[in-house]
Amino acid sequence: MNAKQAIFSANFHPFKVEYSDSTVISLLKQGGEKAFEWLFKEHFKSLHAYAYTFLKDDEMAEEIVQNVFCRIWEKRELLKADGSLKAYLYRAVHNESLNYLKHQKVKASFGVYYAGQQQDEDEQVSHKVAAAELQKHIDAAMSELPQQCRIIFQLSRFEQLKYQQIADHLGLSIKTVENQMGKALRLMRQKLAEFLPIILLLLMKW
């Protein structure tokens with residue numbers, strides 16, 4: 001049992017003693033458990049209702065009020081003897097409730113951000129896998145092109161040579177290069193037709 005549970009599970013008995021704020025504060029500073037019990041019983045119900053107006057959650061409202069009383073007990077030596085306990089309690093519950101709601105909002109925002117980040121990472125991995133798979137099929141399709149067709153296609157697409165440069169490099173007419181490129185493109189389109197959706201997806205993302 002932790003300190004908080006020990007405080008609030010204690011066998012408190014109703015008693016009729018009335019305390020002034022200054023007396024309660026003085027007794028609390030001396031470690032007076034009866035005074036703490038009185039303070040708790042005197043204000044718990046109304047503070048719980050006050051916390052509920054912010055939180056709309058019964059258990060959390062109880063938790064918030066208990067936290068406030070727990071903190072009072074732990075820091076009882078710092079209480080000011082001339083202060084209003086009721087005002088202090090309501091202010092503490094108000095601040096504790098708003099801090100809790102703020103924390104929940106930050107948690108929710110982080111959750112949305114994290115989910116978005118995770119989705120982006122998943123999409124990036126998915127795109128890399130799709131690109132790797134597509135590259136395998138492009139390599140396979142190129143390897144099946146007739147030799148001259150493949151060489152001309154590679155010089156055009158990978159070496160960025162113009163048709164005339166390819167013709168000069170291979171000792172062919174530019175008409176032959178044009179025909180071979182047309183053939184290569186037609187065969188590649190046929191062999192990669194089923195991967196068109198992946199190609200379009202990658203083109204949209206990259």
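The legends below describe close-up views of a predicted model. Local features need pLDDT of at least 70 and side-chain atom pairs count only at pLDDT 80 or more, while totals for chains, interfaces and linings use all residues. Residues are numbered from 1 along each chain as its sequence is written, and side-chain values use heavy atoms, with hydrogens and water left out.

**View 1. Phe-36 and Trp-73 form a tilted aromatic pair.** Ring centres of Phe, Tyr and Trp (its six-membered ring) must lie within 6.5 Å to pair; planes under 30 degrees apart are stacked, over 60 edge-to-face, and the rest tilted. Here the centres are 5.1 Å apart, with 55° between the planes. Phe-36 lies in helix α3 (residues 33–55) and Trp-73 in helix α4, so the pair ties together parts that are 37 residues apart in sequence. Helices are DSSP runs (H or I, at least four residues), numbered from the N terminus. Phe-36 is buried, with a relative accessible area of 3%, and Trp-73 is buried at 15%. Buried means under 20% relative accessible area, exposed over 50%, and partly exposed in between (1.4 Å probe, protein chains only).

**View 2. Phe-153 and Phe-158 form an edge-to-face pair.** Phe-153 is buried at 8% relative accessibility, whereas Phe-158 is partly exposed at 48%.

**View 3. Ring pairs link five named residues into a cluster.** The members are Phe-36, Phe-40, Phe-44, Phe-69 and Trp-73. The structure holds eight aromatic pairs.

**View 4. Glu-62 sits in helix α4 (residues 58–74).** Glu-62 is partly exposed, with a relative accessible area of 36%.

Technical notes
Helices (H or I, at least four residues) and strands (E, at least two) are DSSP runs, numbered from the N terminus.
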